Amino acid sequence: MNPVIGLDVAKGESEVQAFLDKDKPFGKSFSVKHTKEDLDSLISFLREIERNTGVRPAVILESTGHYHTPIIQCLEGSQYLYILVNPIISYQAKKTSLRKVKTDAIDAYQLCVLYYKEEFEPYKKRGLRLLNLRTLSRQYETVTNLYIQAKLQFHTLLDQIFPEYRGVFGDLFSKVSLKILKEFPTSEDILMAGEEKIMSRIEEMRIKRSQSWMTEKAAKLMASAKRNPFQQGVYESQLFSLDMYINMLLQYQEHLSSLERQIDVLAEEIEECKIIQSIPGIGEKIAATIISEIGEIDRFNHPKKLVAYAGIDPSVHSSGKFTATINHITKRGSSRLRYALYMAVLCGIRSSRNKKLKEYYDRKRKEGKPSKVAMIACVNKLLHWIYAILKRNEQFLDLA
């Protein structure tokens with residue numbers, strides 16, 4: 001017998017359906033909450049199936065982001081094999097029925113049916129360090145996006161309060177720039193404070209700058225305040241919002257610095273990060289993202305599977321005598337991995353840092369390929385190199 005348990009996972013609970021063998025469902029489906037008590041009862045149910053069949057059942061469920069995490073932890077703790085199915089695969093399987101029915105019970109049932117139709121491999125558990133690195137890298141990306149949005153809102157407010165402030169400091173978002181603006185948000189505040197008070201405030205921040213630099217910035221600030229078109233009539237609501245966004249920007253900078261330190265420390269312990277950094281164009285941050293998204297290279301037994309995982313494999317469209325000649329990439333894999341690889345290629349071919357990659361890019365362009373097509377070809381090539389050096393555990397040699 002070949003028993004299987006299908007789990008349709010939702011937020012906080014899952015629907016469970018058991019099959020003892022193909023076309024042999026075991027009882028009706030039932031719901032299990034993601035609590036310790038209910039998950040323990042699920043393990044008891046799995047053991048009951050094992051007693052009835054003499055075979056340890058597999059568990060099949062869709063990948064749902066983080067909703068399935070409690071179940072996975074429970075199954076791993078009891079040493080049960082499980083299969084994580086891509087939702088695209090399960091969705092296509094459900095469409096094979098002529099009846100248009102969508103319930104949790106049906107979905108759990110269909111997962112069991114799918115198990116007997118396809119040949120799935122058990123999910124390969126990833127190492128703790130790489131999972132931690134992936135979490136930190138994704139969190140860094142999330143906070144960076146929030147930081148960018150806060151910057152845009154900050155620019156909008158600055159246009160309505162003090163647009164001339166932009167030319168004072170080289171980096172508008174440096175700590176000294178934001179803190180000075182927080183204390184003196186309007187041209188009126190600056191003119192009332194005077195140049196000496198502003199200089200003393202900059203000195204109190206203990207930045208590593210010369211006295212002449214501080215004098216120059218104070219003078220620039222006074223001049224910008226005089227040029228500012230909004231001398232009066234600034235709304236209190238605008239000042240409140242500006243102060244709020246300055247606080248947010250400073251906090252995001254602290255969070256990003258903290259995440260960077262954590263990522264650097266963790267990446268230093270992972271040998272794979274050092275290996276792929278031997279490829280010109282791949283720095284610390286890109287290496288950490290690539291490795292954390294790929295995971296252990298042993299999860300892939302062929303480079304083409306890694307290419308498909310990144311979603312840069314070409315789609316195929318053929319029907320009858322027609323075969324499409326222009327095929328886009330599938331984009332069905334990890335978008336984060338795809339973006340990191342693209343940035344690595346971009347850094348590699350700029351100024352010919354990566355001689356092999358630049359030569360390959362130029363060859364594709366000479367063949368008449370558009371720039372984007374040549375770039376994707378380079379991403380594919382780069383991914384094959386990453387696969388090879390990780391499998392061999394050796395450094396990359398950039399000899400054109």
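Reader: Leaving aside neighbours within four places in sequence, which residues is Met 205 in contact with?
Author: This is a predicted model, in which local features need pLDDT of at least 70, side-chain atom pairs count only at pLDDT 80 or more, and totals for chains, interfaces and linings use all residues. Residues are numbered from 1 along each chain as its sequence is written, and side-chain values use heavy atoms, with hydrogens and water left out. Contact means heavy atoms within 4.5 Å. By that rule, and with neighbours within four places set aside, the partners of Met 205 are Val 176, Lys 179 and Ile 180.

Reader: Is Met 205 buried, partly exposed or exposed?
Author: Met 205 sits in the loop between α8 (195-204) and α9 (211-227); helices (H or I, at least four residues) and strands (E, at least two) are DSSP runs, numbered from the N terminus. Buried means under 20% relative accessible area, exposed over 50%, and partly exposed in between (1.4 Å probe, protein chains only). Met 205 has 24% relative accessibility, so it counts as partly exposed.

Reader: Is Ser 177 buried or exposed?
Author: Ser 177 belongs to helix α6 (residues 175-183). Apart from neighbours within four places in sequence, it is in contact with Tyr 165, Phe 169, Asp 171 and Leu 172. Its relative accessible area is 0%, so Ser 177 is buried.

Reader: How many of the five residues of strand β4 are buried?
Author: Ala 58, Ile 60 and Glu 62 point one way from β4, while Val 59 and Leu 61 point the other way, and all are buried. Strand β4 (residues 58-62) is therefore largely enclosed by the rest of the structure, the count of buried residues being five of the five.

Reader: Which residue of β4 is the bridge partner of Leu 7?
Author: Two strands pair if DSSP finds at least two bridges between them. Strand β1 (residues 4-9) and β4 run parallel and are joined by four bridges. In β4, the partner of Leu 7 is Leu 61.

Reader: What is the handedness of the crossover from β4 to β5?
Author: Four bridges join β4 to β5, and the two run parallel; Val 59 stands opposite Tyr 82 in β5. The chain passes from β4 through α2 to β5 as a β-α-β crossover. A crossover is right-handed if, with the strands pointing away from the viewer, the path from the first strand over the helix to the second runs clockwise. This crossover is right-handed.

Reader: What is the phi of Gln 79?
Author: Most residues other than glycine have a negative phi. Gln 79 lies in the loop between α2 and β5 and, at 64% relative accessibility, counts as exposed. Its phi is positive although it is a residue other than glycine, with a value near 60°.

Reader: Where is Asn 393?
Author: Asn 393 is not a glycine, yet it has a positive phi of about 60°. At 53% relative accessibility it counts as exposed. Its place is in the segment after α16.

Reader: How far apart in space are Met 205 and Glu 119, C-alpha to C-alpha?
Author: Along the sequence, Met 205 and Glu 119 are 86 residues apart. In space, their C-alpha to C-alpha distance is 64 Å.
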